[in-house]
Amino acid sequence: MDAIQLLKNRRSVRKYKSQDIPRELITEIVKLSQFAPSWSNYQIARYNIIDNKTIIEDIANNCVQGFVYNTKTLTRASGVVVLSYVTGKSGSLEGKVKPEDAVPGDSAAWECFDAGIACLQFCLSAYAKGVATCVLGVINNEAIAKRIGLPENEKVAALIVYGYEDGEHHEAPTRKEVEEILRFID
Ligand SMILES: Cc1cc2nc3c(=O)[nH]c(=O)nc-3n(C[C@H](O)[C@H](O)[C@H](O)COP(=O)(O)O)c2cc1C
């Protein structure tokens with residue numbers, strides 16, 4: 001698959017075959033995800049993989065704010081990534097430049113920014129390896145962190161559900177006209 005096809009044809013998939021995805025394949029996908037850029041190359045994203053159906057079911061039933069669509073997607077999944085990030089690093093240049101040259105950044109924003117980039121890189125890497133994904137943002141971050149025993153210095157960014165796609169690969173939902181989102185500033 002060439003890069004243009006990869007970018008255009010990755011879709012959010014919500015129906016998966018009951019086939020398991022080998023952990024080795026998920027490891028390969030995470031290794032590809034590691035090539036994502038990150039603030040000061042801190043690489044704060046963490047990929048907590050859950051392929052135990054009992055735990056997935058528990059998250060589906062108790063950690064999606066009662067949003068039935070996400071409950072359904074999770075119960076069909078082969079696995080789910082709890083994408084988390086280490087706090088207190090991105091947004092800062094401490095230790096990277098002379099103290100007098102350091103300028104404060106909005107760390108909460110840059111942490112989420114890093115996590116978002118890591119999230120897309122995981123989805124694209126998975127698609128390149130034949131694995132379908134769907135990002136879930138309607139979740140209860142704190143309940144998930146508690147359920148999986150996330151370290152104190154990490155926060156949950158999103159869930160990424162994954163599996164082998166079942167059924168037809170959908171066309172992309174309509175995108176805005178490019179004129180609506182693009183400005184050349186003279
Ligand atoms: C930050 C974020 C949160 C999302 N949350 C959900 C969600 O809770 N449930 C869901 O079914 N899809 C969710 N999606 C998937 C979007 O609905 C999907 O990306 C969008 O409709 C475009 O479709 P495509 O990914 O197939 O191109 C989310 C996507 C992103 C990036």
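Modeller: First, the classes: Ala, Val, Leu, Ile, Met, Phe, Trp, Tyr, Cys and Pro count as nonpolar, Asp, Glu, Lys and Arg as charged, and the others, Gly among them, as polar. On that basis, the shell holds seven nonpolar, four polar and two charged residues. This is a predicted model: local features need pLDDT of at least 70, side-chain atom pairs count only at pLDDT 80 or more, and totals for chains, interfaces and linings use all residues. Numbering starts from 1 along each chain as its sequence is written.

The ligand is surrounded by 13 residues, and the closest are Arg-11, Ser-12, Val-135, Gly-137 and Val-138. Helix H4 (68–76) and strand S3 (132–136) are the elements that give two or more residues to this shell. Near here means that the C-beta atom, placed from the backbone, lies within 6 Å of the molecule. Helices (H or I, at least four residues) and strands (E, at least two) are DSSP runs, numbered from the N terminus.

Val-135 stands opposite Ile-160 in S4. S3 and S4 pair antiparallel over five bridges; pairing takes at least two DSSP bridges between two strands. S4 covers residues 154–163, and eight of its ten residues are buried. Buried means 20 or more other C-beta atoms within 10 Å of a residue's own, with 12 or fewer counting as exposed and anything in between as partly exposed; C-beta atoms are placed from the backbone. S4 also runs antiparallel to strand S2 (residues 79–86), joined by eight bridges. In that pairing, Val-80 partners Val-161 of S4.
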